[in-house]
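Dear colleague,

Please find below the structure that I am handing over to you. My findings follow it, arranged by region.

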Amino acid sequence: MLQKIYDSLLTLAYPQICQTCSNSVENSADGVVCRKCWQKTKIFSGNETLCAKCSAFLQEKPANFQTFCHQCDEHFYDAVIAVGLYENALAASVLHLKREPFVAKTLKNLFISAFENSPFQDATVIIPVPLSKKRSLERGFNQAEILAEILAKEFNLKTDKQSLARKIHTPMHRAAMDRRARELTVENAFEVTRPKLIKDERVLLVDDVFTSGATTSFCAKALKKKGADKVYVLTIARAI
Ligand SMILES: [Zn+2]
Ligand SMILES: [Zn+2]
């Protein structure tokens, strides 16, 4: 009830405009996107066919057997789970999270249940995908850390923000580069600074968005080189 009053006061005081369709957002739990746009967003339910390794969306209907996209065959992580597709509400929420270190309730709950329903329950440590020092200073926070903290708090898991570092700054706007060029820029970007804390751990890597998978794959490569047993990836949005 109080929440409802608060929401209507909030709409009166600061009508939050939906970042996707420009209608007003009536429920503050929905963050920067209205209910309709949330409903139009593909949230993975387990009834669609996703690549069994990288969660690439393959088809709307479930398959009777494990299916792989094969684009991820060479990638170093063990498996990826995403809340849903990078579109509508998830895309707008990911963009918002790069500007403000805040996750609204609807997204927070979806992220928590994505972990709960994942096969990653045996993870021993959460590691947010690191930003370079330069980007970290520009932004003032790491959005992957915000997401890692949600899981750490909810499931009482330890988080390690120090052992994996990004030593090379890669440019933000890489749209013009092709896939291989993009991969080369991140290939040697990550290093494990405290190998003892990584050895034999089952790492849950957390990031806001998963695009080509190059970034997380090279994080996983660095972690496995130092003896990580498994590297799982949990992300908000899976790009098509
Ligand atoms: Zn909308
Ligand atoms: Zn795949």
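A nonpolar core, as the term is used here, is a set of buried Ala, Val, Leu, Ile, Met, Phe, Trp, Tyr and Cys residues joined through C-beta atoms within 7 Å. Please bear in mind throughout that this is a predicted model.

The largest nonpolar core holds 60 residues, and those that touch the most other members are Leu205, Val206, Leu223 and Tyr232. Both domain 1 (1–40) and domain 2 (46–238) give residues to this core, so it lies between them. In general, nonpolar side chains tend to be buried together in soluble globular proteins. Leaving aside residues up to four places away in sequence, Leu205 touches Tyr77, Ile127, Val129, Thr216, Cys219, Ala220, Val231, Tyr232 and Val233.

As to the domains themselves, the assignment for the protein chain gives domain 1 as residues 1–40 and domain 2 as residues 46–238. Contact between them involves eleven residues of domain 1 and nine residues of domain 2. On the side of domain 1 that touches domain 2, five residues are nonpolar, four are polar and two are charged.

Strand 3 covers residues 79–85, and because five of its seven residues are buried, the strand is largely enclosed by the rest of the structure. Strand 3 runs parallel to strand 8 (residues 230–238), and six bridges join the two. Within this pairing, Val80 has Val233 of strand 8 as its bridge partner.

Two helices deserve a description. Helix 3 has twelve residues and reaches 17 Å from its first C-alpha to its last, close to the 16 Å expected at 1.5 Å a residue. Its buried residues are Asn88, Ala89, Leu90, Ala91, Ala92, Ser93, Val94 and Leu97. The cover over these buried residues includes helix 2 (35–39), strand 3, helix 4 (105–116), helix 6 (143–155), strand 7 (202–210) and strand 8.

Helix 8 (residues 214–225) also has twelve residues, which should span 16 Å at 1.5 Å a residue; the end C-alpha atoms are 16 Å apart, in agreement with that value. In helix 8 the buried residues are Thr215, Thr216, Ser217, Phe218, Cys219, Ala220, Ala222 and Leu223. Gly227 follows helix 8 and has a positive phi, near 95°.

What of the backbone angles in residues other than glycine? Most such residues have a negative phi. Ser55, however, has a positive phi, near 65°. Ser55 is found in the loop between strand 1 (49–50) and strand 2 (57–59). Ser55 counts as buried because 22 other C-beta atoms lie within 10 Å, the cut-off being 20 or more. Asn88 likewise has a positive phi, near 35°, and is found in helix 3 (residues 88–99). With 21 other C-beta atoms within 10 Å, Asn88 is also buried.

Finally, I draw your attention to Pro128, which has its place in strand 4 (residues 125–128). Pro128 is buried, since 25 other C-beta atoms lie within 10 Å. The C-alpha atoms of Pro128 and Thr159 are separated by 8.0 Å, although the two residues are 31 residues apart along the chain. Not counting residues up to four places away in sequence, Pro128 touches Asn142, Ala144, Glu145, Leu147, Ala148, Lys161 and Val206. Val206 is also one of the core residues that touch the most other members.

With kind regards

Definitions and conventions: Residues are numbered from 1 along each chain as its sequence is written. Chains are lettered from A and ligands numbered from 1 in the order in which they are written. This is a predicted model: local features need pLDDT of at least 70, side-chain atom pairs count only at pLDDT 80 or more; totals for chains, interfaces and linings use all residues. Domain bounds come from an automatic or database domain assignment. Two residues are in contact if their C-beta atoms, placed from the backbone, lie within 7 Å. Ala, Val, Leu, Ile, Met, Phe, Trp, Tyr, Cys and Pro count as nonpolar, Asp, Glu, Lys and Arg as charged, and the others, Gly among them, as polar. A residue is buried if 20 or more other C-beta atoms lie within 10 Å of its own, exposed if 12 or fewer, and partly exposed in between; C-beta atoms are placed from the backbone. Helices (H or I, at least four residues) and strands (E, at least two) are DSSP runs, numbered from the N terminus. Two strands pair if DSSP finds at least two bridges between them. The expected span of a helix is 1.5 Å times one less than its number of residues.
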